[in-house]
Amino acid sequence: MHMKRYKMAAILLFIHGAFMEIGGCLCLIPVFILGSEKFDINQYFSFIVPYFQNNMSFMLIIGMIYGTVRVIGAIGLWKNRMWGLVLSIINCIITMALMMFMLPAGIIDGILACSALIFILFEYFGDKKIMQE
């Protein structure tokens, strides 16, 4: 049972980073090559900040960076490295803060990141009490 929750969190983080973030960005590259006027990309992704909505190419680059860092954290967590634990926690917290800016994908971001963070915290703290009696 030891490390099982870290492994589950690492799998969630890897899926989130590799398939949802990196894969999603790679799938949109043909849209920008062929011309975004042929595709209404804004019908699939909605940002509450107009600057994000109007600069989708920059958002793709940012998504690739987030995805890459998330995958690196997942690998570190899988290999039982403290830096992987810390990087994964940072990724989850940042995602929780930013998930509302991108809908509907932000809902899936939140589910994956929050679930991974819960697994990490359960494993790290276990049955420790706030105040020892």
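**Note on helix H4 and its surroundings**

1. H4 gives the most to the nonpolar patch, with 5 residues. Helices here are DSSP runs (H or I, at least four residues), numbered from the N terminus. The model is predicted: local features need pLDDT of at least 70 and side-chain atom pairs pLDDT 80 or more, while totals for chains, interfaces and linings use all residues. Residues are numbered from 1 along each chain as its sequence is written, and side-chain values use heavy atoms, without hydrogens and water.

2. The patch covers about 700 Å² of surface and is made by Met82, Val86, Ile90, Ile94, Leu98, Leu121, Tyr124 and Phe125. Two or more residues come from each of H4 and helix H5 (105-125). Patch members have over 30% relative accessible area and no salt bridge, and nonpolar side chains are joined within 5 Å; a salt bridge would be a side-chain nitrogen of Lys or Arg within 4 Å of a carboxyl oxygen of Asp or Glu. Areas come from the Shrake-Rupley method with a 1.4 Å probe.

3. Ile94, in helix H4, is partly exposed at a relative accessible area of 34%. Partly exposed lies between buried (under 20%) and exposed (over 50%).

4. Asn91 also belongs to H4 (residues 82-98), but is buried, with a relative accessible area of 6%. Its side chain reaches the backbone oxygen of Val69 at 3.5 Å. Beyond neighbours within four places in sequence, Asn91 is in contact (heavy atoms within 4.5 Å) with Val69 and Arg70.

5. Ser57 sits in helix H3 (residues 56-78) and is partly exposed, at 37% relative accessible area. Between Ser57 and Leu28 there are 9.3 Å in space, C-alpha to C-alpha, and the two are 29 residues apart in sequence.

Definitions and conventions
Buried means under 20% relative accessible area, exposed over 50%, partly exposed in between (1.4 Å probe, protein chains only). A polar contact is a pair of N or O atoms within 3.5 Å; within protein, one must be able to donate a hydrogen and the other to accept it, and residues adjacent in sequence count only if both atoms are side-chain atoms. Patches are made of residues with over 30% relative accessible area and no salt bridge: like charges are joined within 9 Å, nonpolar side chains (Val, Leu, Ile, Met, Phe, Trp, Tyr) within 5 Å.
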